[in-house]
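Reader: Could you walk me through this model, one kind of feature at a time? I would like to learn how to read each of them.

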Amino acid sequence: MSEAKSVESRPYHHGDLRRALVEAARRVLEAEGPSALSLRAVAREAGVSPAAPYHHFKDKAELLDAVAHEGWEMLQLAMIEAKARTDRSQHLTALGIAYVCFARDYPALYRVMYDAARDKEALPMDVEDANPENGNAYCMVRDTMIEHGADPSAETHLELATVAAWCGAHGLAEMAGFKQFQHLKDELGGERAFLDAVFRHMGLFPTQAHDC
């Protein structure tokens with residue numbers, strides 16, 4: 001009996017096949033990169049038949065969208081936790097640092113999140129829904145600005161401020177690991193202090209560093 005047939009004949013024990021496949025895709029992604037990701041590789045990682053993923057995903061692109069969606073949920077959770085353990089005056093800084101730390105800890109997933117979003121008409125996670133519980137990290141930044149005095153009726157100004165803050169965090173996530181900045185980290189007392197100082201000099205975030 002072939003290996004594929006043997007796998008297919010075994011009863012499935014994960015309970016939630018779709019989630020098991022997404023989690024398997026994340027493991028493949030972080031271990032081997034996007035080029036190694038395929039429905040067959042994910043099936044092998046999840047311990048199911050090569051045909052099993054097609055019950056939930058028609059192709060690799062649909063699987064990547066599901067992986068990206070989970071990534072946005074993970075980022076949102078990291079930002080919620082960072083905000084919850086921080087003094088109110090430091091909430092925006094905490095969100096920014098949580099974003100940079102997430103990008104550092106999950107580099108391949110982070111890339112897939114943006115690759116999946118690039119051709120969409122709206123930002124990920126239904127950006128018009130301002131409820132943080134719905135996994136909208138972008139709106140969480142906007143709403144935190146409102147909590148700290150931004151005028152919600154000045155919609156264009158608020159949206160531009162949110163974009164500026166998001167782009168600032170995104171840019172720092174791209175560059176924070178550059179060796180050219182090591183002397184600044186050493187001078188300031190470590191990576192956390194460096195991230196905080198950069199955000200402070202952007203003029204977008206309050207001061208004080210927080211744990212990654």
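Author: Gladly; we will go from confidence to fold, then to the core, the ring pairs and the salt bridges.

Reader: Let us begin with confidence. What pLDDT does the protein average?

Author: This is a predicted model, and pLDDT is the predictor's confidence in each residue, from 0 to 100. Here the protein averages 82, with 81% of the residues scoring at least 70.

Reader: Over which residues does pLDDT stay under 50?

Author: One such stretch is residues 1-13, for which the model has 12 contacts beyond four places in sequence. Another is residues 125-135, where pLDDT is below 50 and the model has 22 contacts beyond near neighbours in sequence. By element, helix H1 (residues 3-9) has the lowest mean pLDDT, 39, while helix H9 (residues 182-188) has the highest, 95.

Reader: Now the fold. How many helices and strands does the protein have?

Author: The count is 10 helices and zero strands. Of the contacts with a separation of 6 or more, 62% are between residues 24 or more positions apart.

Reader: And what share of the residues is buried?

Author: Buried residues are 42% of the 212 in the protein. As for the surface, the protein exposes about 11700 Å², and carbon and sulfur atoms supply 52% of that area.

Reader: Which residues of the largest nonpolar core touch the most other members?

Author: They are Leu75, Met79, Tyr99 and Trp166, in a core of 56 residues. The elements that give two or more residues to this core include helix H2 (17-32), helix H4 (60-84), H5 and helix H8 (155-175). H5 supplies the largest share, 10 residues.

Reader: Could we look at one of those members? What does tryptophan 166 touch?

Author: Leaving aside residues up to four places away in sequence, tryptophan 166 touches Trp72, Leu75, Met79, Tyr99, Tyr114, Ala137, Tyr138 and Val141. Its relative accessibility is 11%, so tryptophan 166 counts as buried.

Reader: Several of those are aromatic. How should I read a ring pair?

Author: A pair of aromatic rings is described by the distance of the centres and the angle of the planes. The structure holds nine aromatic pairs. For tryptophan 72 and tyrosine 114, the ring centres are 5.3 Å apart and the planes are at 65°, so the pair is edge-to-face. Tryptophan 72 is in helix H4 and tyrosine 114 in helix H6, so this pair ties together parts that are 42 residues apart in sequence. Both tryptophan 72 and tyrosine 114 are buried. Tyrosine 99 and tryptophan 166 also form an edge-to-face pair, with 5.2 Å from centre to centre and 75° between the planes. That pair links distant parts of the chain, with tyrosine 99 in helix H5 and tryptophan 166 in helix H8, 67 residues apart.

Reader: Which residues do ring pairs link into a cluster?

Author: The cluster holds Trp72, Tyr99, Tyr110, Tyr114, Tyr138 and Trp166. Tyrosine 99 has a relative accessible area of 2%, so this residue is buried.

Reader: Let us turn to charges. How should I read a salt bridge?

Author: Side chains of opposite charge can pair when their charged atoms come close. The count here is 10 salt bridges. In one of them, the side chains of arginine 19 and glutamate 70 meet at 2.9 Å, N to O. Arginine 19 belongs to helix H2 and glutamate 70 to helix H4, so the pair ties together parts that are 51 residues apart in sequence.

Reader: Is glutamate 70 buried or exposed?

Author: Glutamate 70 is buried, with a relative accessible area of 8%, whereas arginine 19 is partly exposed at 39%. Another salt bridge is between lysine 83 and glutamate 147, at 3.0 Å, N to O. This pair links distant parts of the chain: lysine 83 in helix H4 and glutamate 147 in helix H7, 64 residues apart. Lysine 83 counts as buried at 14% relative accessibility, and glutamate 147 as partly exposed at 40%.

Reader: What does histidine 91 touch?

Author: Not counting residues up to four places away in sequence, histidine 91 touches Lys83, Thr86, Thr144, Glu147 and His148. Histidine 91 is placed in helix H5 (residues 91-105) and is buried, with a relative accessible area of 11%.

Methods. Residues are numbered from 1 along each chain as its sequence is written. This is a predicted model: local features need pLDDT of at least 70, side-chain atom pairs count only at pLDDT 80 or more; totals for chains, interfaces and linings use all residues. Side-chain values use heavy atoms; hydrogens and water are left out. Helices (H or I, at least four residues) and strands (E, at least two) are DSSP runs, numbered from the N terminus. Contact means heavy atoms within 4.5 Å. Buried means under 20% relative accessible area, exposed over 50%, partly exposed in between (1.4 Å probe, protein chains only). A nonpolar core is a set of buried Ala, Val, Leu, Ile, Met, Phe, Trp, Tyr and Cys residues joined through side-chain atoms within 4.5 Å. A salt bridge is a side-chain nitrogen of Lys or Arg within 4 Å of a carboxyl oxygen of Asp or Glu. Accessible areas come from the Shrake-Rupley method with a 1.4 Å probe; for residues, only the protein chains shown count as cover. Rings of Phe, Tyr and Trp (its six-membered ring) pair if their centres lie within 6.5 Å; planes under 30 degrees apart count as stacked, over 60 as edge-to-face and the rest as tilted.
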